[in-house]
Amino acid sequence: MLNNSDHQNLLILGDYVPDMTHHLLEMLNQLVKSTILSYKIYFKAHPATSVGLEKYNNLEIQITNEPLAKILQDFNLVISTVVTSASIEAFLAGIPVIVI
């Protein structure tokens with residue numbers, strides 16, 4: 001379980017298509033920092049791809065490689081692309097999901 005009493009936990013789910021993931025991360029990177037200050041941000045890449053996070057310097061992201069089923073209960077919000085089925089898992093677990 002994640003240990004963050006001062007923040008809510010946000011999980012960004014990576015897509016099978018790296019360009020989709022980069023587009024999502026770029027959109028989030030352009031948000032006003034105060035918009036996401038209350039969130040501790042985690043990123044889970046699609047198991048078939050890897051994505052470098054270096055250029056998203058406005059986001060303080062921690063990477064998680066834990067199985068989705070094991071960590072979902074630790075998150076208050078999930079953001080994903082429209083293509084990934086992992087967003088359905090989060091929705092069925094009762095977690096609010098933003099699909100971009």
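Which residues make a nonpolar surface patch of about 540 Å²? The patch is made by Tyr 16, Val 17, Met 20, Val 82, Val 83 and Val 99. Patches consist of residues with over 30% relative accessible area and no salt bridge, with like charges joined within 9 Å and nonpolar side chains (Val, Leu, Ile, Met, Phe, Trp, Tyr) within 5 Å. A salt bridge is a side-chain nitrogen of Lys or Arg within 4 Å of a carboxyl oxygen of Asp or Glu. Accessible areas come from the Shrake-Rupley method with a 1.4 Å probe, and for residues only the protein chains shown count as cover.

The model is predicted, so local features need pLDDT of at least 70 and side-chain atom pairs count only at pLDDT 80 or more, whereas totals for chains, interfaces and linings use all residues. Residues are numbered from 1 along each chain as its sequence is written, and side-chain values use heavy atoms, with hydrogens and water left out.

The chain has 4 helices and 5 strands, where helices (H or I, at least four residues) and strands (E, at least two) are DSSP runs numbered from the N terminus. Their order from the N terminus is β-α-α-β-β-α-β-α-β. The radius of gyration is 12 Å, close to the 13 Å that the globule rule gives for 100 residues, so the chain is as compact as a globular protein of that length. This radius is taken over C-alpha atoms, and the globule rule is 2.2 Å times the number of residues to the power 0.38. Along the principal axes, the C-alpha atoms fill a box of roughly 30 × 30 × 20 Å.

Of the 100 residues, 39% count as buried (under 20% relative accessible area; exposed is over 50% and partly exposed in between, with a 1.4 Å probe and protein chains only). The accessible surface of the chain comes to about 6000 Å², and 55% of this belongs to carbon and sulfur atoms. Among contacts (heavy atoms within 4.5 Å) with a separation of 6 or more, residues 24 or more positions apart account for 61%.

Val 17 counts as partly exposed because its relative accessibility is 37%. The C-alpha atoms of Val 17 and Ser 87 are separated by 15 Å, and these residues are 70 residues apart along the chain.
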